[in-house]
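Hi,

Here is the structure I promised to pass on. Have a look at it first, and my notes follow below.

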Amino acid sequence: MAHDEKNERVVITGMGIVCPLGHDVETMWQAVLAGKSGAAKTTIFDASTFPTTFSSEVKDYDFTKFTRNSNLHKDGNRGSKFAIGAAAQACRQAGIDVETDKPADGIDRKRMGIYLGAGEGAANHEAFFGAIAAGWDKQANQMDWKKWADVAAVKMKAMHELEQEANMPAAHIAMLTGARGPSRSCLTACAASTQAVGEAMMMIRRGDADIMIAGGAHSMIHPLGITGFNRLTALSTRNDSPETASRPFSASRDGFVIGEGAAIVILESLRSAKKRKMKILAEVIGYGSSSDAFRVTDMHEDGRGAIQAIVWALADAGINSGDVDYINTHGTSTAENDSIETKAIKAVFKDKAKNIPASSVKSTLGHLIGAAGASELITCILAIRDNIVPPTMNLNDPDPQLDLDYVPNKPRKMQVDVAMKESFGFGGQNNVVIIRRFREN
Amino acid sequence: MNSTRVVITGLGAVSPLGLTVGDMWDGLCTGRCGISKITAFDPAGFSCKLAGQVPDYKIQQYVPKSYRKAVKLMSRDIELAVMAANEALTNSGLITKGIDPEKANVDPERIAINLGAGLISCDVIEMAPAVAASVADGKFDIRKWGKEGLELVTPLWLLKYLPNMLACHIGIIHDIEGPSNTITCAEVSGHIAIAEAAEIIARGNSDIALAGGAESKVSPVLIMRQCLIKRATSRHNDDGEGACRPFDAGASGSVFGDGGGIIVLENVDNAARRGAKIYAEMVGSGQSASINPAYEHIEPDGQGITIAIEKALAQANISPKDIDLIIPHGVGIPQDDIAEAKGIEAAMGLETKRIPVWPTKSMLSNTGAACGGLDVIAAVCAMRDGLIPAAKNCTKKAAGCNLNIVKETIKADIRYALCCGYTYGGQTAVVILRKFEN
């Protein structure tokens, strides 16, 4: 399909990131290659008594550095504010004028859209818990809704409530860029921003837009988010050593390390990129989406859905499995994901599987949930640019069952022309995007 | 919409007007109102005490025996989606694993699911014992929560509240292994999900797709949110029937509700091969965004809506002259209704006076992510029966609204119908349907 003459080729002309390892792409990349960890004691709220007391937070971030209209975005949730920084960087690189009524970049705003995998804004926890505590009648075991409402009506604030909606990061990017093309937000758990990039690519391919501002923005480092993941026993509880807790594919892995942030790529039709004389960072050549239809709690034990998404992405790209130089895994550091993902890669790549480097940058960044796929896709773009594969850190005690080349503990110089990004989400959401070094033919 | 034609072959609706498409259409035709005083919780302390509530149901009846244990993991949003999907698939004549595992005739890899969902609101009652256990000196104590309260939260709690769980449960019940997406663009989620599902079929990634959305807005947190943002009316608490007044001079805010509206979309060749009843064809969609500094409302001139309509018309390769019915978003919030009316007028030009406009939320209430699916189903029913029911509660048009709101039920041969949606935050989407012609 990618080779169909009727379809537009889709390239990447900009990228931006706000993440635990930095507020720009190069800082993040150097930290990832150096194997630094973003994880430390949680400071956003007092998590000291939670089963997991640490996380991979975005630190010292000031969104006002990225906008002249900070007043317009002041009520933005954490994800919205991260999105502003990531989008502003990506637009700058791609020569897209922001915050102006008279853009001089030659881009028709009706042909420029937005597609994010974005999550909720954090609840106002003081109000949320406070109203419940005020209204709950312990003896009667029932809620006095009048009491609940009296507290909620005072403590809940209108703009904070509005900013809990998942479409808000996209709203802020629209205000920043003036984008009037198709605007969508999806939330397919941990696979959301890979899906957003894939679907955005499809929009350009079929001609619905020339440019898509695509990626993800999310922060689940809030009391209810950590409560939820802790109850699912999905998070690492290695509280004495946060920076080594994310250890994908190792025998002692005990869960993922939650992170937060935003990552944006500018997708553009090759035609538009050439017309604007843009530097092309890579080409997006394939996308596959599938669902496990198995259990809401677990991945399919044989990786059925994951395999299908990889196979469909390869077919969509019109390449063979042997053409893939690098696999950027979902690699969460949970017992289940890492083992089933390994099985799925082996099922698709067969005897070649062990020869393809397959690393997890979640070992350094942590798991950015809705923003994970897009931030990891940026590391794929950089792997192609610099011909270097980022490492899987903390892999000192390999799981004997897991025998792929995970690029343990240090980056590897090698030729990378085709990179594949895998993302899998709770409920059996599987999304895969394949990118390639740009060449004319 | 590319070369592949995409048609609608199944309908499923759960709404404040009843548990089926038949109930909803009957209610809409007779001007029945699904809005009444909230019974899900005591609304005494809320400025808006009204909602559109789905009548009582037993979710077990909609779930195959083998999957009944999983209903305890279903929040109301998920239940509404499961019910609507069940009706849509049954209606389409497709036999999935969930309908009859012995006779299933759908290739799981060739069916997709694309739903709009809200951010499912936490069940306050479910959370209350854990919160109560975390109070120290009369105040909620986060340290006590981390140590004691958290342990009282049921282990799989989070899985009830992830928006993609609507699609995941339905996917498990009916064995849907193709592309799956969950659109979270608030009140326009359903419109977008339907548009994207049609795109997925058109590009060949599936032959069939379940599309639409479901949401329950009738929760204390979400109703309070809409009250605080001042989108919910506070003026009609004793008059549910007259509360939601889209495009009316007396409009004072929206009324929120719950529902699920899901359709079966299908590649036309696939539908023809199995002799399916074809309700309508999806011929165009368009999307844009409103850009407004006060982003709880859309921009006053409705430009984002105008652009979406123009794109959808272009994709359908038709002009405003061809449109026979518009179902607008029409929420009953004065400034948003006027903005939408202006946006539609700018796109439709001189045809504005002619085209019948039929808002449904005066009867269905504002069901968030469900409203796109419900409106598309209403449009299909109108097309099928050749009639447009009277709009309710628009007795005197608001100043600035030049739309032709349907006053009396009219007979009409509807060839093209347009459904328009938008949301706070600004996303806009338009879907155009055509009566099916071979």
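**What turned up**

Phe249(A) sits in the loop between α9 (223-231) and β9 (260-269) of chain A; helices (H or I, at least four residues) and strands (E, at least two) are DSSP runs, numbered from the N terminus. Before going on: this is a predicted model, in which local features need pLDDT of at least 70 and side-chain atom pairs count only at pLDDT 80 or more, while totals for chains, interfaces and linings use all residues. Residues are numbered from 1 along each chain as its sequence is written, and chains are lettered from A and ligands numbered from 1 in the order in which they are written.

Back to Phe249(A): its phi is positive, near 70 degrees, though the residue is not a glycine. Phe249(A) is also buried, with 28 other C-beta atoms within 10 Å. (Buried means 20 or more other C-beta atoms within 10 Å of a residue's own, exposed means 12 or fewer, and partly exposed is in between; C-beta atoms are placed from the backbone.) Over in chain B, Lys230(B) is another non-glycine with a positive phi, about 65 degrees. Lys230(B) is in the loop between α7 and β9 (258-267) of chain B and is partly exposed, with 14 other C-beta atoms within 10 Å.

**Where the chains meet**

The contact uses 75 residues of chain A and 74 of chain B, counting two residues as touching if their C-beta atoms, placed from the backbone, lie within 7 Å. On the chain B side, α3(B) gives the largest share, 6 residues. By class, that side has 45 nonpolar, 18 polar and 11 charged residues. (Nonpolar covers Ala, Val, Leu, Ile, Met, Phe, Trp, Tyr, Cys and Pro; charged covers Asp, Glu, Lys and Arg; the others, Gly among them, are polar.)

**The core**

The largest nonpolar core has 319 residues, and Val265(A) and Leu267(A) have the most contacts inside it. Such a core is a set of buried Ala, Val, Leu, Ile, Met, Phe, Trp, Tyr and Cys residues joined through C-beta atoms within 7 Å. Helix α12 (371-385) of chain B gives the most to this core, 10 residues. Among the residues that Leu267(A) touches are Val10(A), Ile12(A), Met201(A) and Val284(A).

**A helix in chain A**

Helix α11(A), residues 304-317, reaches 20 Å from its first C-alpha to its last, close to the expected 20 Å; the expected span is 1.5 Å times one less than the number of residues. Since 12 of its 14 residues are buried, α11(A) is largely enclosed by the rest of the structure. Those buried residues pack against β10 (282-291), α12 (335-349), β15 (418-425) and β16 (429-436) of chain A.

**A strand in chain B**

How many residues of β17(B) are buried? For this strand, residues 427-434, the count is 8 of 8. In a regular strand the side chains alternate between the two faces of the sheet. Here both faces are covered, with Val431(B) and Leu433(B) among the buried residues on one side and Val430(B) and Ile432(B) among those on the other.

Strands pair if DSSP finds at least two bridges between them. β10(B) and β17(B) run antiparallel, joined by 8 bridges, and Ser285(B) stands opposite Val431(B). β16(B), residues 416-422, pairs antiparallel with β17(B) over 7 bridges, with Ala417(B) opposite Leu433(B). In the hairpin of β16(B) and β17(B), 4 residues lie between the strands, and Gly425(B) takes a positive phi near 95 degrees.

Cheers

How values were computed
Lists of a residue's contacts leave out its neighbours within four places in sequence.
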